[in-house]
Each structure stands twice: as C-alpha cells, then as structure tokens.
Amino acid sequence: MNENDISIIKNLLKELDETVDNGYGPFLAAIYDENYNLIAKERNSVVKSNLSLAHAEINTIKAAEEKLKTYNLAPYNLSIYVTSEPCIMCLGAIMWAGIKKIYYSAPSASVEKITGFYEGFKPNWIEEFEKRGIKVFPNIEKIEGEKILEKYVKLNGIIYKPEN
C-alpha cells in the first residue's frame, strides 16, 4: 500500500460524506488499474433501484466489465477501493470478477454496530483471499469511514434488512 491508495480511499470518503444524503446507501466503490487510472466508480443503489444486489461493489464491477467489455477482469490487474469492508455477497463477486487487490475503510464490525446491517458469515476471509492471490488492505481511514456511517444513520438513511 502506498500514498496513492490512501488518497483514493480519502477521496472516496470525502465524496461519500458530501453526498450521503442524496438517496443512495452509505457505500461507494471504485476500481482502478495498476497505473491508478479510474476504470469505474459507483454507489450503493439498493433502495433507489429496488434491487437487493445493487451494492456499491457489484455496481462498480458491472460498470468495469461493461467498460472493458469482459466478464474476466483478472488480466487487467485491477484493485477495488471501498468505503467499508465488503459483505459476503460482494466478496464473492470480487473474487469471481478477478480483482487482485481490495482496499477498504470501515470494517464489517463497525458497519454492523453502527447501521445494524448484517455483513454475513466471513470466517478468515482475508486469509482465504490471500491464498487465492487477492491482497487485502483493511481499515484505511477507519475512523472517517465510521463517521460517515454514523452521519447516514443520523440522517435517517434507510438501512435495508431483509426479514427472514
């Protein structure tokens, strides 16, 4: 990890903080190539689009695949940057898309504590990803990421929680 990676997370958090009250969920993701060229950036749009799959990571992967016209991002050596640790669904999508590195701010424990959104069962996921050649860089600007989640909750942002 270097200053470029930290700067990307800081910029995502700043953008999210400025737009957290515009009807989107409190999560933002971006995919960059190894030369730090932006490939795609998208928000969580679950509530806005009435689609439970529309997490920021999924939306961003979809946009990157459409831009690069491929379902296999592995040859492009891409990294995904996320304002919070990916949930179980998004981790699967990241792995199957072929993304090589994950950088994130607020950890799942914070997301769950602050918002009540259950991130899913993810035992040893970082170690498992690293076994598969996917590097993970957690808790970048963690406190700032947590503050944005708290702001979203205070603004009465919708936290979707499916009833089982």
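This is a walk through a predicted model, one selection at a time.

**Stop 1: the sheet**

Start by colouring the strands. Five of them form an open sheet, and reading across it the order is β2-β1-β3-β4-β5, with mixed pairing. The edges are β2 (38-43) and β5 (135-137), each of which pairs on one side only. On average, neighbouring strands here are turned by 15 degrees against each other, direction ignored. As a reminder, strands of a sheet pair through backbone hydrogen bonds, and they can do so parallel or antiparallel. You'll meet both kinds as you go across.

**Stop 2: β1 and β2**

Select residues 28-32, which are strand β1, along with β2. The two are antiparallel and share five bridges. For a landmark, pick Leu28: its bridge partner in β2 is Arg43. Now follow the chain around the hairpin of β1 and β2, where five residues sit between the strands. Which residue there takes a positive phi? Click on Tyr36, whose phi is near 65 degrees.

**Stop 3: β3**

Towards β1 the pairing is antiparallel, with four bridges, and you can find Ala29 standing opposite Val82 of β3. Towards β4 the sense is parallel, over five bridges. Show Ile80 and you'll see Ile102 of β4 opposite.

**Stop 4: β4 and β5**

Keep going to strand β4, residues 101-106, which pairs with β5 in the parallel sense through three bridges. Tyr103 and Phe137 make a handy pair to display here: Tyr103 stands opposite Phe137, which belongs to β5.

**Stop 5: α5 against α7**

Two packed helices are described by the angle between their axes and the distance between the axes. For α5 (residues 108-115) and α7 (residues 142-154), the axes come within 9 Å and cross at roughly 25 degrees. An angle under 35 degrees counts as roughly parallel, which is why α5 is described as roughly parallel to α7. The crossing of these two is right-handed.

To see the contact, show side chains for Ser110, Val111, Ile114 and Thr115 on α5, then Lys142, Glu146, Leu149, Glu150 and Val153 on α7. Sorted by class, that contact of α5 with α7 has four nonpolar, two polar and three charged residues.

Zoom in on Ser110, in helix α5. Is Ser110 buried or exposed? Its relative accessible area is 10%, and buried means under 20%, so Ser110 is buried. Leaving aside residues up to four places away in sequence, Ser110 touches Thr115, Lys142 and Glu146.

**Stop 6: α3 against α4**

Now switch to another helix pair: α3 (residues 56-68) and α4 (residues 88-97). Their axes are 9 Å apart, and the helices pack at an angle of about 20 degrees. That angle is therefore one that makes α3 and α4 roughly parallel to each other. Here α3 passes α4 in a left-handed crossing.

On α3, display Glu57, Ile58, Ile61 and Glu65; on α4, display Met89, Cys90, Ala93, Ile94 and Ala97. What classes of residue make up the contact of α3 with α4? There are seven nonpolar, no polar and two charged residues.

**Stop 7**

Finish with the backbone. Most residues other than glycine have a negative phi, and the last two selections go the other way.

- Asn50 lies in the loop between α2 (46-49) and α3. Its phi is near 55 degrees, a positive value in a residue other than glycine. With a relative accessible area of 71%, Asn50 is exposed.
- Asn124 is placed in the loop between α5 and α6 (125-131). Phi is positive here too, about 55 degrees, although Asn124 is not a glycine. The relative accessible area of Asn124 is 52%, and exposed means over 50%, so Asn124 is exposed.

Terms used: Residues numbered from 1 in each chain as written. Predicted model: local features only at pLDDT ≥ 70, side-chain atom pairs only at ≥ 80, totals over all residues. Heavy atoms only, no water. Axes fitted to C-alpha atoms, helices over the stretch in contact; angles between N-to-C directions. Parallel < 35°, antiparallel > 145°, perpendicular 65-115°, else oblique. Left-handed = near helix turned anticlockwise from the far one by under 90°. Contact = heavy atoms within 4.5 Å. Nonpolar A, V, L, I, M, F, W, Y, C, P; charged D, E, K, R; others polar. Pairing = 2+ DSSP bridges. Buried < 20%, exposed > 50% of the residue type's maximum accessible area, 1.4 Å probe, protein only.
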